[in-house]
Amino acid sequence: MCSLDGELVPLTAPVTVSDQVETWLSALSDLMRSTLADELATTLRARETDLQKMPQQVLLVSEMITFTHDCEAALSGGGGPLLQKLRAGLLERLQEYTQLETDSALVQTKLKAMLLDLIHNMDVVDQLLAARAASPLEWHWRKQLRYYAPEQARGSGACTLTQVDASFDYTFEYQGNAPKLVHTPLTDKCYITLTQAMYMGYGGNPYGPAGTGKTESVKALGQAFGRQVLVFNC
């Protein structure tokens, strides 16, 4: 798999191209998902982040899984000082990333995406501290889009997204190096509305003036789910 920015993700096995287009395309789609799932499992086991070799999509998901785990551990311990410690660790990582020098345009693209997620995670911790959250059951935590990879399923790379009462499996469709959207309070409200609608079997349609980020918010949510989003102008 190859992105427009030059990122290469080798498939775990070859795909034979034949006259039966539907057959080999279906096999390619399945192999794409299994390859990314294997990459995620490998990244979760790794002790260090290799920006050069690891795919951006897998890096972002693994960072969100780690943040969700660390944040819930801090909340289960009563919040407060543990959340402060978590925020200090995030700030240290932010400084590490901003001081990293590289001539690779691809690595710079990955860094930009990781920095945006890192800043959002710090904002989430600030919200929890301001609300004096002390449990994973607190609304200020439950309303966040959270990533889970149970220890018993990490070998397979399985990942689940949860927000309030809604829960979805990560789809593992290759996203390449798509630019990240800056999180705002309105973005979170849009995410909550759409995920709860999907959970109940409904659809969603952001409504508002032109140029306010409606389409980009939907595309960003699809990216967070690991799903391709196609935009049609009717």
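This is a predicted model: local features need pLDDT of at least 70, side-chain atom pairs count only at pLDDT 80 or more; totals for chains, interfaces and linings use all residues.
Local features require pLDDT of at least 70 and side-chain atom pairs pLDDT 80 or more, whereas totals for chains, interfaces and linings use all residues. Residues are numbered from 1 along each chain as its sequence is written, and side-chain values use heavy atoms, without hydrogens and water.

The structure holds 8 salt bridges (a side-chain nitrogen of Lys or Arg within 4 Å of a carboxyl oxygen of Asp or Glu). One of them joins glutamate 7 to lysine 110, with the closest N and O atoms 3.7 Å apart. Glutamate 7 precedes helix 1 (21–45) and lysine 110 sits in helix 4 (residues 105–130), so the pair ties together parts 103 residues apart in sequence. Helices (H or I, at least four residues) and strands (E, at least two) are DSSP runs, numbered from the N terminus. Glutamate 7 is buried at 2% relative accessible area, and lysine 110 is buried at 1%. Buried means under 20%, exposed over 50%, and partly exposed in between (1.4 Å probe, protein chains only).

Aspartate 117 and lysine 180 form another salt bridge, at 3.3 Å from N to O. Aspartate 117 is buried at 8%; lysine 180 is partly exposed at 25%.

Strand 2 (residues 160–163) and strand 3 pair in the antiparallel sense over 4 bridges; pairing requires at least two DSSP bridges. Threonine 160 stands opposite aspartate 169. Valine 164, in the hairpin, takes a positive phi near 55 degrees.
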